[in-house]
Amino acid sequence: MKNDAVFYNLNKDDVKRITVITGHFGSGKTEFALNYALALKELGLDVIIIDFDIVNPYFRTKDAEQFLLNQKIDVISPEFANLNIENPYLPPEILRAFDDKSKYIVFDVGGDEDGATPLGVYNEHFLKEEYDMFFVLNERRLLTQSVDDALQIYNEIKYVSRLDFTGIVNNTHLMQYTNKEILLEGQKLAEKFSVKTNIPIKFITATPKILAEISEYSDINTYNCFPLRLFVGPGF
């Protein structure tokens, strides 16, 4: 699948070797992580996606493993025995991915602080080089409908992961019921949240059809609009 280059301007110079995708439960982290990994592959990069979601029993990156392998994207899905984070099992595949500088790594992380806690185990490895950590924001989720609520989750994730956020992804949606009005309402929250956190909005995400409908708004054109192929639900 090729994303429509009309919508996003992603090049190798913009990409960090390590990208962490996290946020609130149901924000669409996995959807974005899968598409982001595919976009990196389109740039000719050697990509590994790590299913780091230990709290969501529903849709995970691993559920799309065969599709990703067909796209020549490697998948690592670690198991944390009994979620014993203080003395975790560190899968050697993850450690080797950190050490192999030819690989570009996308972490699909579980929601909220519970999902982000295992990131802290790898803190020393993250800090050895530059990385991106994106906060995926969905204004239609109950606990991220205001700046203060979203900020609480943002700070909890930042605290337990011991990592700093570098960008915000406006992924406001209601699954198949999403339209341009819903996305634009989410953008208002994302812009306020960006001011509050002093973190830039990195992407606005939606299907190509919806992104085309909002392209007429001049203020939207100052952001990178990132088209999504939908993996969750019957579209996949």
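I began with the source. The model is predicted: local features need pLDDT of at least 70, side-chain atom pairs count only at pLDDT 80 or more, and totals for chains, interfaces and linings use all residues. Residues are numbered from 1 along each chain as its sequence is written, and side-chain values use heavy atoms, without hydrogens and water.

**Overall.** I found 8 helices and 8 strands in the protein chain. They are DSSP runs numbered from the N terminus: helices are H or I, at least four residues, and strands are E, at least two. Of its 236 residues, 51% count as buried. Buried means under 20% relative accessible area (1.4 Å probe, protein chains only).

**Helix α6.** I checked its span. The 15 residues, 147-161, should span 21 Å at 1.5 Å a residue, and the end C-alpha atoms are 21 Å apart, which agrees. The expected span is 1.5 Å times one less than the number of residues. Buried residues in α6 include Leu151, Ile153 and Tyr154. Their cover includes β1, β5 and α7. Arg162 follows α6, with a positive phi near 60°.

**Aromatic pairs.** Rings of Phe, Tyr and Trp (its six-membered ring) pair if their centres lie within 6.5 Å; planes under 30 degrees apart are stacked, over 60 edge-to-face, the rest tilted. I counted 21 pairs by this rule. Phe126 and Tyr131 are edge-to-face, 5.9 Å centre to centre with 65° between the planes. Both are buried. Phe135 and Phe165 are also edge-to-face, at 5.5 Å and 90°. Phe135 lies in β5 and Phe165 in the loop between α6 and β6, so the pair ties together parts 30 residues apart in sequence.

Conventions: Buried < 20%, exposed > 50% of the residue type's maximum accessible area, 1.4 Å probe, protein only. Contact = heavy atoms within 4.5 Å.
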